Amino acid sequence: MAITHPSLCPMKHTLPHEKPVAVYRTTNSIIFFEILYLAAAIGCGYIVFQIDVLWAQLLLVFLAVMILWACRDLLKYRNDRIVVTPSHLSLPNVETRTNKGKYTLARKAIIPWHDIKDITFTIDVEKPNSVRIQKLVFVILNDKTQYIIDAELYDVFFLERKLKSFWQQYGKKTLT
């Protein structure tokens with residue numbers, strides 16, 4: 001019989017208050033858009049073999065590569081979940097902006113509620129010549145680090161309100 005340290009078996013020794021209170025998953029629209037992108041790239045590849053004009057073939061190959069590049073950006077969000085527990089907030093694949101203004105990708109960020117200074121949102125309109133309107137949720141920490149969540153990817157309306165209510169509920173308990 002092997003004796004293991006409790007920290008080596010985290011699933012076996014979880015406390016009852018560490019169970020997730022809420023889990024927000026990514027939507028099925030990501031899979032739908034991936035299928036559309038792949039169909040468009042395959043269509044471009046099919047047309048390349050049907051035409052004989054070299055410049056048009058090169059243009060279509062370039063277009064197919066750009067479509068696949070956009071599809072690749074969605075793949076990282078495929079099975080993401082925002083997990084809310086009484087002690088922390090777990091964010092997968094979010095952009096973070098440090099106090100120096102640099103953007104980086106953070107994977108599996110676990111943020112204790114008492115480290116959060118504010119949770120806000122903004123509506124971002126991509127320019128130039130774009131019709132895309134994007135809702136971004138910002139989780140701002142005490143050290144002025146910002147985690148940026150694309151709210152459109154998750155299966156919940158008003159993500160910022162729900163996260164803010166959990167922060168007010170659990171963040172204040174840890175301070176008192």
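With a relative accessibility of 15%, D150 counts as buried, because buried means under 20% relative accessible area. D150 lies in strand 9, which covers residues 146–150. The C-alpha atom of D150 is 6.4 Å from that of V137, and 13 residues separate the two along the chain. Keep in mind that this is a predicted model.

Now step back to the whole chain. Three helices and nine strands make up its elements. Read from the N terminus, their order is β-α-α-β-β-β-β-β-β-β-β-α. The chain has 176 residues, and 34% of them are buried. Its accessible surface is about 12,300 Å². Carbon and sulfur atoms account for 63% of that surface. How do contacts span the sequence? Take the contacts between residues at least 6 apart in sequence: 55% of these join residues at least 24 apart.

Next, look at a sheet. Strands of a sheet pair through backbone hydrogen bonds, and the pairing can be parallel or antiparallel. Here, four strands form an open sheet, and their order is 1-2-3-6. The pairing is antiparallel. Which strands sit at the edges of this sheet? They are strand 1 (22–25) and strand 6 (109–112), and each of them pairs on one side only. Neighbouring strands of the sheet are turned against each other by 10 degrees on average, with direction ignored. Zoom in on one pairing. Strand 1 pairs with strand 2 (residues 81–84) over four bridges, in the antiparallel sense.

Turn to the nonpolar side chains. In soluble globular proteins, such side chains tend to be buried together. The largest nonpolar core in this model has 30 residues. Which members touch the most others? They are L91, V139, I149 and L159. Strands 1, 2, 3 (88–91), 6, 7, 8 and 9 each supply at least two residues, and so does helix 3. Helix 3 gives the largest share, with five residues. Leaving aside residues up to four places away in sequence, L159 touches Y24, I82, V137, I149, A151 and Y154. There is also a second, separate core of six residues. Its members include C44, V48, L60 and A64.

Charged side chains come last. Side chains of opposite charge can pair when their charged atoms come close. How many salt bridges does the structure hold? It holds two.

One joins D118 and K164, with the closest N and O atoms 3.6 Å apart. This pair links distant parts of the chain, 46 residues apart. D118 is in strand 7 (residues 116–125), and K164 is in helix 3 (residues 159–175). Are these two residues buried or partly exposed? D118 has a relative accessible area of 23%, so it is partly exposed. K164 is at 29% relative accessibility and therefore counts as partly exposed too.

The other salt bridge joins K135 and E160, and its closest N and O atoms are 3.1 Å apart. It also links distant parts of the chain, here 25 residues apart. K135 belongs to strand 8 (residues 133–141), while E160 belongs to helix 3. Both K135 and E160 are buried.

Definitions and conventions: Residues are numbered from 1 along each chain as its sequence is written. This is a predicted model: local features need pLDDT of at least 70, side-chain atom pairs count only at pLDDT 80 or more; totals for chains, interfaces and linings use all residues. Side-chain values use heavy atoms; hydrogens and water are left out. Buried means under 20% relative accessible area, exposed over 50%, partly exposed in between (1.4 Å probe, protein chains only). Two strands pair if DSSP finds at least two bridges between them. Axes are lines fitted to C-alpha atoms, for helices over the stretch in contact, and angles run from 0 to 180 degrees between N-to-C directions. Contact means heavy atoms within 4.5 Å. Accessible areas come from the Shrake-Rupley method with a 1.4 Å probe; for residues, only the protein chains shown count as cover. A salt bridge is a side-chain nitrogen of Lys or Arg within 4 Å of a carboxyl oxygen of Asp or Glu. A nonpolar core is a set of buried Ala, Val, Leu, Ile, Met, Phe, Trp, Tyr and Cys residues joined through side-chain atoms within 4.5 Å.
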